Each structure stands twice: as structure tokens, then as C-alpha cells.
Amino acid sequence: MTSTADFLRDTSYRALPAEFFAAAPVSPAPSPQWVVFNDALAAQLGLPQDAATPELLEWLSGGAPPAGRENIALAYSGHQFGGWNPLLGDGRAAMLGEIVAPDGSTYDVHLKGSGPTKFARRGDGRATLSAMLREYIVSEAMAGLKIPTTRALAVVATGAPVYRETTHPGAVLTRIARSHVRVGTFQYAANEDARRDDGHKLTRALADHCIARHFPELAGQKDAYLAFYGAVVARQARLIARWMLVGFIHGVMNTDNMSIAGETIDFGPCAFMDGFNRRQVFSSIDAAGRYAFNRQAPIASWNLARLAETLLPLFDPDDAVALRKAQETLEGFQPAYVAALAHGLERKLGLKPGDSANEPLIARMWRLLETGKADFTLFFRRLTQVAAGADETAFLDLFAETDAAAREEAANFLAEWRAVTAGEDFPSRLALMRASNPVVIARNHRVEQALAAANEGDLAPFWRLCAALKDPFQDPAPPERPEDDLEAPPRPEERVHETFCGT
């Protein structure tokens, strides 16, 4: 019988110079228990049925890895809220290995909350159950929305308390990702190269590793390092546009939280916007609004500029030429982002692709959302219902909390939208609207309610929310009680105004 150990191979990260990682001490949980095991993801990865064995439970709770293996913690640097830190690294995480899925894709298997490492910086290396379940919920929500993201294979309760403001149950999350190489990893390599003054060995080794594993089509190409950078820029442009289209706010877009694979990674104080506010911030540690909703694209570009700085020596031996190449490549971010955002909005609004009337209508839509403060998700959901023949009242009622002028402007917007979208091909565009506008998102108040119940031993709200998020474009099962309606926005007393990192 094939076991999970046969599918889990040692990480290819070990092929990098030893400076990039350190041994992660084994820190067995006193009483590990499965809280969540993602059977659907396990099947996608090609794991055997009934993979959640006692052996796997030990590995995924921070215990001894497979025989002959050693978990490693990854080193990286980063700009955190704009401030430079030359050494961050996996302070409470460890790389267990990697899996090659049936489609040939390779995924890292990474533990979070598995105990302190060399990079712990006086932290306890642990994670709370609620923080790990939050990452599970939101990462699976992103997967359901078809947004590139890391995934969660499992959450294991450790049986040990974790001390934050109060005592919390501890847990370990197993994260599945195409890569754990971050912009901060390249910053670490470049910083170490500069400190040693022995060429650019670490930066080159890391770039070669990333090209071989994530961009093999670039191997051997002329200007392969510049093409690699351009590919990362393009992926990030598309990713940030996808975030914006669903009102997602990452909350902590430090350079160590930007994956070169173009996946959403590190779900700390992230949240989905309810009432529209382009300056919306949820993170309790982002007082200045650096990572606000409308700042995500500029910050992504800023992070990518930091990546370019690390790669300049690989672009060209002439500093001026290298800088020019980097700037020209980075200049491609904004048009790629704008194009991806416009394409997504055309689908969400049921517009004819590339029509000259689209841009003025989209601009009017943003103004209406800003002045009317309508619920972002319900705006598109109700518009889709109107497109399918529903009465306009429910759409117009989204603006009832502001003033009569906002409701009138919403009616005028609808009239213009009808004129722009008219045409025999509208049924096909309506299908795109339905496939682009989610019914259910991981609303902040529902996430917090699920986590509070889980801390008390009740996982029913968690499972109900996760079930709806698997297919967010379909109507969920009718709620038994009105207060359980997953589509509904929060009541005033339910609104979440602040989210936390969890560390």
C-alpha cells in the first residue's frame, strides 16, 4: 500500500547554498489532534485516500519528520511597512518537503506554528487555533474565487496553550504553495552578497533556482534574468487586479509577504471590504494606511522595485544599462494591472469587451460606490440579478443609507448601464457576470463568528462557511435563521473594524 511518505519528497530548496536555510528543531505537540484535513486538496495533490494517518498527524504537528529527513526554516529579509530588516526568516515555520501533483506541478509543504527556529527573534514560535483557522478560511475562499493563492492542507490542534493577550489553544497549519521564495528572499541574498563582497553568488543561485522550478521556459534564454523579473511583474499585476475585483485587502504587503510565484500568501490581518471605501484599512498595525485598498497596486510596484534592485547585477554588467532595463520592465506593471482590472470589470458589469463606452461607465461606477458607500459585493450581485430580469429596487436599496441624491445617481447609473450593455450577445455576457460576481465571500463578521465558536469547540459555523466558499458563485443553502445568512452584509453591531496579525 502506498503511504503519504512515498509522495512527500525532500525539498529542492536544499539545493541552494546553506545560507538560505537553517535546521528547524523538532518540537512535538503534546497532544496533537486533527481539527481540519482538506480532503479535496489532498486529492488534487495525489495523496492516497485516508491520508490523514497518525504518522502524518505527527509530521504536520511539528513532530519528527519522515525518516532521514530534516525540516528547515527559510531565511529572508524584508521591508516591513517600509522599514528595512536584514534578517527575518521563518521564526515559527518549517519546510517539511514537497509534493509533485498528478498534473506535474510541484508544491511546497510548509508548517506554520510548529515551534521556534533560529529566526524566532525571541518569539515563542507558536500559533493560535483561531489564527490558523482564519488562514484556512480565507485561503480557501481565495481558491474558490479562482484567485492564485497558497492553500491549507490541514490544521492540527497541539494540545498546548499559546499566550497572547490571553491564553489561546495552539495549532499548526500546513500550507501548500507553489513557492516560498519571496521578494524578501532575494533581498536577503543580495544583502549577503554585498556584505561578503564576493560577487553575486547567492543572488544568481536563487534566480537560477526560481527559473528552473517556476519559469523553466526561460532557461537558456537570452536575458533570462530580466525575463524572469518581467514574468514576476506580470504575475503580480494580474494578482493585485484580482484582489481589487473582489474587495480583498491583504493588510500587510511587506516585501517578505510577496511571492515570486504570484500567489496570495500570508493571511494575517487580511479582510474583505463590506461598504465601499477606497481607503479602507483593517489591519490594527497599519495606522498610516500604507496598505489600504487603493494603495495595493502602488505598493506592489514599490515591492517589485525592491526586487529589481537585487537583480540589477544579473541584468547587465553596466550599471546604467541594468537600471534602464529594470525601469523599462517595471514600467510594464501599471498597464498590465490596468488591463487586468478593466478586463475583470467588463466581465463583472456584463460589458462588451473593449467598447469605447466602457471606460466612462466604469469611472461612473467607482464614483457611485465612493459616494454611496454601497456594499461592494452586493453591488455586483444585485446588478447581476437586475441583468437577469429582477426588479431594480434591491439594487437601489443599497444606497438607502446615504441620501436621496445617491439613490438617484444609482438609478442614472443603471440607465446608462442598460444602454451600454444592450445587444443580442447579452445572454453570454450575463453568464460571465454570474461567473465573476460571487454570492458569498468570507465576510469579516462571519469569519470572526466562526473562529469564536471554534475556540469554544463548536466547528459547525466554520464548516458551514467553508462549504459555501468552495463554490462562491452559487446560492448557498437557505439559512435556518435570518441571522445565519452568509450573503448578507453585517449589521452595524456586527461590523469588524480592525483585524490582527495573530503573531
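This is a predicted model: local features need pLDDT of at least 70, side-chain atom pairs count only at pLDDT 80 or more; totals for chains, interfaces and linings use all residues.
Trainee: Why would you call the overall size what one expects of a compact globule?
Mentor: A compact globule with 503 residues would have a radius of gyration near 23 Å, and because the protein chain has 23 Å, the two agree. Along its principal axes, the C-alpha trace spans about 65 × 60 × 45 Å.

Trainee: Switching to the inside, how many residues does the largest nonpolar core have?
Mentor: That core has 135 residues, and those with the most contacts inside it are Ile137, Val155, Phe186, Phe379, Phe395 and Trp417. The element that gives the most to this core is helix α7, residues 224–245, with 15 residues.

Trainee: Which residues does Val155 touch, if we skip its neighbours within four places in sequence?
Mentor: With those set aside, Val155 is in contact with residues that include Gln33, Trp34, Val35 and Val36, as well as Leu129, Met132, Leu133 and Tyr136, and also Ala171, Val172 and Leu173.

Trainee: OK, new topic: how many helices and strands are there?
Mentor: The secondary structure of the protein chain comes to 17 helices and 12 strands.

Trainee: What about charges, how many positive and negative side chains?
Mentor: There are 51 positive and 62 negative side chains in the protein chain, and the centres of these two sets lie 2 Å apart.

Terms used
Residues are numbered from 1 along each chain as its sequence is written. Side-chain values use heavy atoms; hydrogens and water are left out. A nonpolar core is a set of buried Ala, Val, Leu, Ile, Met, Phe, Trp, Tyr and Cys residues joined through side-chain atoms within 4.5 Å. Buried means under 20% relative accessible area, exposed over 50%, partly exposed in between (1.4 Å probe, protein chains only). Helices (H or I, at least four residues) and strands (E, at least two) are DSSP runs, numbered from the N terminus. Contact means heavy atoms within 4.5 Å. The radius of gyration is taken over C-alpha atoms; the globule rule is 2.2 Å times the number of residues to the power 0.38. Lys and Arg count as positive and Asp and Glu as negative; His and the chain ends are not counted. The place of a charge is taken as NZ of Lys, CZ of Arg, CG of Asp or CD of Glu.
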